[in-house]
Amino acid sequence: MSALSWGRGRTALAVGTVSLLTLAGCGNGGSSGGNADGEVGGEVRMLVNLTPNLDQASWEELVAPFEEETGVAVEIEAPTGSSVAETFPQQLAAGTAPDVIQSIFPDDDTLPQLVDLSDLPWTEGTPMVDDYAIDGSRYVVGVGSQTQSLVFYNRTAFEEAGIAEPPTTWAEFDEALGRLDEAGYTPLQTAGQFQTGLQLQQLYHPTLNTDHPRWQTSVADEELSAGEAYLPMFQHYADWLEAGYISQDDVGLDPAAADGAFIEGTVGLYPQGSWFATTLTAGGELPFEVGVFSPPVDEGQAHPGPQGATMAYPYMINAGSGNISSAQALVEYLVTDETAIRSQLTADGVFRQGAETAEDPVLAQVQTILDEAPELVAVGEGFGDTRLPVTGFNPKFTEIVQGLYTGQSPQEAADALDDWVGENR
């Protein structure tokens, strides 16, 4: 059988071609239920989350070149429950789990059921693969990254407010908020539900991870408390609320309505993730030009700081698969073939370091921020070996941040966060 044809082209997107026979013998998957002779063929079942941008037909179109090249039949399966995260554990328990699992990451329950991909050479250079490693082993690989720490801004508002350049320090950020307020714009757009806590984390990733690299691990090792880590950002947020730079009513605002307020042109600054860039490009021509910058950092810290990010389009392989050789070949195709990568990147606002700069100016700015980030760092509870000693951090964090809207002090918020971690670790 001939060598795989994908993986050719720019080294930023691929690591080269790999023989199917060589692939089948790599890692522990070759002896964990794969084809006895190591050949690729038969059928591979892949469980995926269907979205408006990647529906059943899109997934089938995505894997069609792989099927034609290898003769493997790929069966795309939607979750039987509400999501892949719910369905995969249920299928494992029932003995009906698929060969390949998309969109979720290893956890303590599923890890023993996954193939260790560490020895497969094509995993080298795939986005954030070692950031998501557990005990040094790779169980999940991805196509790109969702960049979390971005600030979208209205260039027209900046001009009218007399702001020449995006702020790089918190002092400059505070000054920009004041000028935008004076110019008649909503200085900083926030929202309720999950977005309250998420935005605060997005803004603080660069500063926090400069002061405390891998801060989640430091909390787990009891070298740092979560409240101590976030107290300075709670203070920034409380100051903005008191100054009126954040509307008190935003705590009850739907995130979609917050998106709409920015798109209408009444907002100066809007912290969001890379997915919002796709929302903007899909919205057609706006009444202003959109800029994007990496959040500010403390005086004396290097800007841009570390960029909060998550692996996008992750794939894992079921160790109980009867066709591990073909499953490995399929995942290799999905994360190293240039055409497959491009299809997935453009579908849901996903980016990949070193990828070609998009023609759309907003997407191009996000790509530049990703490429120039000194490192990509874990967000929220963390991932891989960089994890907090608790689960459920994000909803609790949001609850605590929303308390700042109702008069809770920054120190009280920090203490509440520490109490919760202490009770649940």
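Colleague: What do the numbering and the confidence limits rest on?

Modeller: Residues are numbered from 1 along each chain as its sequence is written, and side-chain values use heavy atoms, with hydrogens and water left out. The model is predicted, and local features need pLDDT of at least 70, side-chain atom pairs count only at pLDDT 80 or more, and totals for chains, interfaces and linings use all residues.

Colleague: What makes E4 and E11 edge strands?

Modeller: Helices (H or I, at least four residues) and strands (E, at least two) are DSSP runs, numbered from the N terminus. Two strands pair if DSSP finds at least two bridges between them. The open three-stranded sheet has the order E4-E9-E11, with mixed pairing. Strand E4 (144-147) and strand E11 (376-377) each have a single partner strand, so one side of each lacks a neighbour in the sheet.

Colleague: How do you know that E4 pairs with E9?

Modeller: Four bridges join E4 to strand E9 (residues 307-312), and the definition asks for at least two. The two strands run antiparallel. Within this pairing, Gln146 has Thr310 in E9 as its bridge partner.

Colleague: How do you know which strands E5 pairs with?

Modeller: Strand E5 (residues 150-154) is joined by four bridges to strand E7 (residues 267-272), running antiparallel. Four bridges also join E5 to E8, again antiparallel. On the E7 side, Leu150 has Gln272 as its bridge partner, and Phe152 stands opposite Tyr270. On the E8 side, Asn154 stands opposite Val290.

Colleague: Why is E5 called largely enclosed?

Modeller: Buried means under 20% relative accessible area, exposed over 50%, and partly exposed in between (1.4 Å probe, protein chains only). Five of the five residues of E5 are buried, so the strand is largely enclosed by the rest of the structure. Leu150, Phe152 and Asn154 point one way from E5, Val151 and Tyr153 point the other way, and all are buried.

Colleague: Why is H2 called oblique to H11?

Modeller: Axes are lines fitted to C-alpha atoms, for helices over the stretch in contact, and angles run from 0 to 180 degrees between N-to-C directions. Angles under 35 degrees count as roughly parallel, over 145 as roughly antiparallel, 65 to 115 as roughly perpendicular, and the rest as oblique. The axes of helix H2 (residues 56-70) and helix H11 (residues 324-336) come within 10 Å and cross at roughly 120 degrees. That makes H2 oblique to H11.

Colleague: What makes H5 roughly parallel to H8?

Modeller: Helix H5 (residues 170-182) and helix H8 (residues 226-243) have axes that come within 12 Å and cross at roughly 15 degrees. That angle makes H5 roughly parallel to H8.

Colleague: Where does the pair H9 and H10 fall?

Modeller: Helix H9 (residues 255-264) and helix H10 (residues 275-282) pack at about 55 degrees, with axes 11 Å apart. H9 is therefore oblique to H10.

Colleague: How do you know that the span of H13 is close to the expected value?

Modeller: The expected span of a helix is 1.5 Å times one less than its number of residues. Helix H13 (residues 361-372) has 12 residues, and its first and last C-alpha atoms are 16 Å apart, close to the 16 Å expected. Its buried residues include Val362, Leu363 and Ile369.

Colleague: What makes the bond from His303 to Pro304 cis?

Modeller: The peptide bond from His303 to Pro304 is cis, with omega near 0 degrees. Pro304 lies in the loop between strand E8 (290-293) and E9.
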